[in-house]
Amino acid sequence: MVMPRVAARFGLVSHRWPFTGRDEELQAFSRVLSDGDYQAFVIHGAAGVGKSRLAEECLSLARVRGHRCGRAVTNAAAGVPLGALAHLLPEAFDASDPAPAFRSARDALERGAGREGKRHVLLVDDLNLLDETSATLIGQLLAAQSVFLVATVRSGDRLDQSASGLQSGDAALRVDLLDLSREKTEQLLTAVLQAPVEPRSVSLLFDGSQGNMLFLRELILGALQSGTLLHDGEMWQLTGPLAGTHLLGDLLRKRKENVSRAAHEVLELLALCQPVGVGEVPEAAVDELAAAGLVDMTLQERRQQLTLTHPMYGEIVQSGISGWRRRNLLLEQAQRTRAHGARRREDVLRIASWELTATGQAEPQFLLRGAKLARYAHDFPQVRELASAACWVDEGCWPRLLLGEALYELGELEEAEKVLQQAADRARGEEEHILVAMQRIRNMLWGLERPEEALEITTEAAEKVTSAEGRAVLAAERGNILCTSGKVREALDVLEGLEGAADHPNLRGPSQFAHAYALIANGRVEEGLQSAQTGYAQRLRLSESAALPHPSQYITAITFGLQEAGRLEEAFALGQQSWEDASADRILVGQTWNATALSRVALMQGRPATARRWAAQGAALARQYSFNGPLFLALARLAEAVALLGDVEAAQRALDEAKGLRPWSSFAAEEERAEAWLAAAQGDIPLALSILAQGATVARESSLTSEACVLMDQVRLGDAPAVADRLAEIAGIGDGKLTDARAQYATACVNDNPEQLQDCTRRFSSYGTNLLAAEAATATALAWQRRGFPREAAAARSRAADLAAQCEGARTPGLVDAFTVTPLTRREKEIALLVAEGLPSAKVAERLMISKRTVDNHLQSIYRKLGVTGRRALKDTLQTPESPRIHATSKSPQPGIR
């Protein structure tokens, strides 16, 4: 079903697109237009690359500069002498006498050129369509500097001598317009759709269009028409295959309709079987297709291979191939590859796929080997296809294990469990029993969220595994389940008993992963970080086998440790690289977990806009592929991020969705934290503190680091005396630098000691937690002011402003007092925030359980301290990120994930 915002965007997409991605070329035009030595600016490029749009922008810029502008009419007047320029020339223009004709044309164009010293800027779109007489006249006008030419030329088009002369010589600047890069494609998509696009969807659209703006436009229109491009309230996401429009199909068909029969047969072979060796097809056909821009040649392992230049060509060509010819082409290519010895590793995979597509069956050994190779390449859709076929001809465990893992990776979780149960029934030997159990646990724990059943799987498997090494693997899995379920201390007891107890290859990495999380969650940060790094290194040394998570998923344990160690910048950079690795290998689970982990890092850095982007991306992928564990975390972090940005509606929407999911216990109290910051954004500090107190109780049962985060939020909302001792106790148990800094800050707030608060500011800043540093600097300013040191208070306020400017517009109660002359009391702050949210005095009084008269009296004091005259001014002061009171030194940088 197409969501409401799709229809609203459809009209925007189908009309004129915003101009973006061509700034360098437009700047080049601006320079040459001002340079009297230049006479022409000629834009070359392939069809659909945006030549005409750039030329129009050049014309608009020239018009703004005071030049008179016009355009030749090439399409309608091609071949008619002077037909392209007739509308620009005098009515009595006579071309039979060249000299007077030239003077007449020159005078007419110079009179209409605009201000003195300006030239008439003439646009000729498709220079190859310009008639010879018009080209000759334009050449004369250029030589006389009466006209400045802006022209477009499609790559591959031949120009006659007169038209070619217009772009030759030093007086003409030629610009070769290339397709958009991925980064510029993303910028264009965001501008067109007026909202961010989920990065994986950006990659799909970029790959499908190859950066060609015309193709991109048609792909977006096709996706909107088919309902596969949807907006989830935060960003756009493709939920199905790309589907172009009829126009896109016609454009691509025109590119291939003029090739010979022999070349067309090569196109058909490539559409079904690419890449194809150059030596396997007629050389003349290759030359013809290369000249037409339909194929590319690449070198792979000293072998020249042919591929289609555009991925959509394959679909267009395949649509015209009959079923019988398709079958013959695939079988002939399979036989040809066999005849050459099928020496390359991927040949087995390709033969199995071709034969399966052609006949619905293939040799059993080819199917299973092909499925394993596809799994090695992380091509899970192909693993599903080949393994599913192998299950019909092979009664063994491995086809079902591979199929079950593929279904898990593709989000078909219930079906995956059914297939994996079949694999368990057919498992023979310890290795198969262990691998099947590990994959079932992954699916049951991370996918279906049934930790109790995951524990039962370890018990069942233990009955069939007798070796100490094998039992250690299952014990490690049990510890992983307990850790994920929030039973961190119990998990640690299990996992620490395994240290050095086994040398099974499947124990290395997975057990370290769970052990690292448990250590960090219990406050043993440095030890946990080392364990996570060791586990990741061990995972890289393991061969790619079913049931082992992609290496990118192990990075989340390292980023967790780096955060608690106060190495936020390093954590973010590593997490982003891991996300890119998962994206390159098309690991959807890895992308989901890494995006969700990055949202936590960004929140801790005090970058809510960046956190919002990553959390929204994690939620979009998790939602599409039914990964409810990361979906819960992503939604909770999304709610916190948007609450910090003051977007109450978006925060409530995310929280409502999260409440329908099972809480993810390995990060306790995430929902409570988000709910508390939403209450704070609405001005209800007492409610926020009450929610956090409940969250601290939840977190205490599972994770010291989670509890420390909740307690720190209570400090930030003004309740340091209630939690300072417990924070100090937690800091004394572990070695996490960030937890120690939190405890130090809580104590400094209780003591109201400006020197201690100033030290906390420096410490938070050095860790990269700029929002905490800004709040600490605010508290420092207030403490100095209360002690009667205005100069020190002013310096601290300036520091707070600098730090707040790096926080992407974050709004917290801890920043409210930073820019006032006289600090607000806690009660005044509560009233100010509620009034800023639009509540009348009676409602504020009811919320805080005080009288309306008390509220009004406090309001007068608030107005006086803030230097405002009423409720509207109060709201502007407290809620406008760009307000000079809040950002006194510089504007917040533009948010982004890079």
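**Close-up views of the predicted model**

**Figure 1. Met849 lies in the loop between α41 (841-848) and α42 (852-866).** Helices (H or I, at least four residues) and strands (E, at least two) are DSSP runs, numbered from the N terminus. The model is predicted, so local features need pLDDT of at least 70 and side-chain atom pairs count only at pLDDT 80 or more, while totals for chains, interfaces and linings use all residues. Residues are numbered from 1 along each chain as its sequence is written, and side-chain values use heavy atoms, with hydrogens and water left out. Met849 is not a glycine, yet it has a positive phi of about 60°. With a relative accessible area of 76%, Met849 is exposed (exposed means over 50%, buried under 20% and partly exposed in between, with a 1.4 Å probe and protein chains only).

**Figure 2. Glu808 sits in the loop between α39 (790-804) and α40 (826-836).** This residue also has a positive phi, about 55°, although Glu808 is not a glycine. Glu808 counts as buried because its relative accessibility is 10%.

**Figure 3. A cis peptide bond joins Gln274 and Pro275.** Omega at this bond is about 0°. Pro275 belongs to the loop between α11 (261-273) and β8 (276-277).

**Figure 4. Five strands form an open sheet with parallel pairing, in the order β2-β3-β4-β1-β5.** The edges are β2 (69-71) and β5 (172-177); each has a single partner strand, so one side of each is left without a neighbour in the sheet. From one strand to the next, the twist averages 15°. Axes are lines fitted to C-alpha atoms, for helices over the stretch in contact, and angles run from 0 to 180 degrees between N-to-C directions. Helix α3 (residues 51-64) packs on the sheet and touches β1 (40-45), β2, β3, β4 (147-154) and β5 (contact means heavy atoms within 4.5 Å). The direction of α3 makes about 165° with that of β4.

**Figure 5. Bridges link neighbouring strands of the sheet, among them β3 and β4.** Two strands pair if DSSP finds at least two bridges between them. Strands of a sheet pair through backbone hydrogen bonds, either parallel or antiparallel. Parallel strands β2 and β3 (residues 120-124) are joined by three bridges, and Arg71 has Leu123 in β3 as its bridge partner. Five bridges connect β3 and β4 in the parallel sense, with Val124 opposite Ala151 in β4. β1 and β4 run parallel and share six bridges; here His44 stands opposite Val153 in β4. β4 is mostly covered, with seven of its eight residues buried.

**Figure 6. Helices α16 (residues 364-376) and α17 (residues 380-393) pack with their axes 8 Å apart.** The angle between them is about 155°, and α16 and α17 are therefore roughly antiparallel (over 145 degrees; under 35 counts as roughly parallel, 65 to 115 as roughly perpendicular and the rest as oblique). Their crossing is left-handed, which means that the near helix is turned anticlockwise from the far one by less than a right angle; clockwise would be right-handed. Residues of α16 in the contact include Leu367, Leu368 and Ala371, and those of α17 include Phe380, Val383 and Leu386.

**Figure 7. The whole structure has zero disulfides.** A disulfide is a pair of cysteine sulfur atoms within 2.5 Å. Cys397 is in none, and the nearest cysteine sulfur, belonging to Cys391, is 9.9 Å away. Cys397 counts as buried, at 3% relative accessibility. Cys69 is buried too, at 16%.
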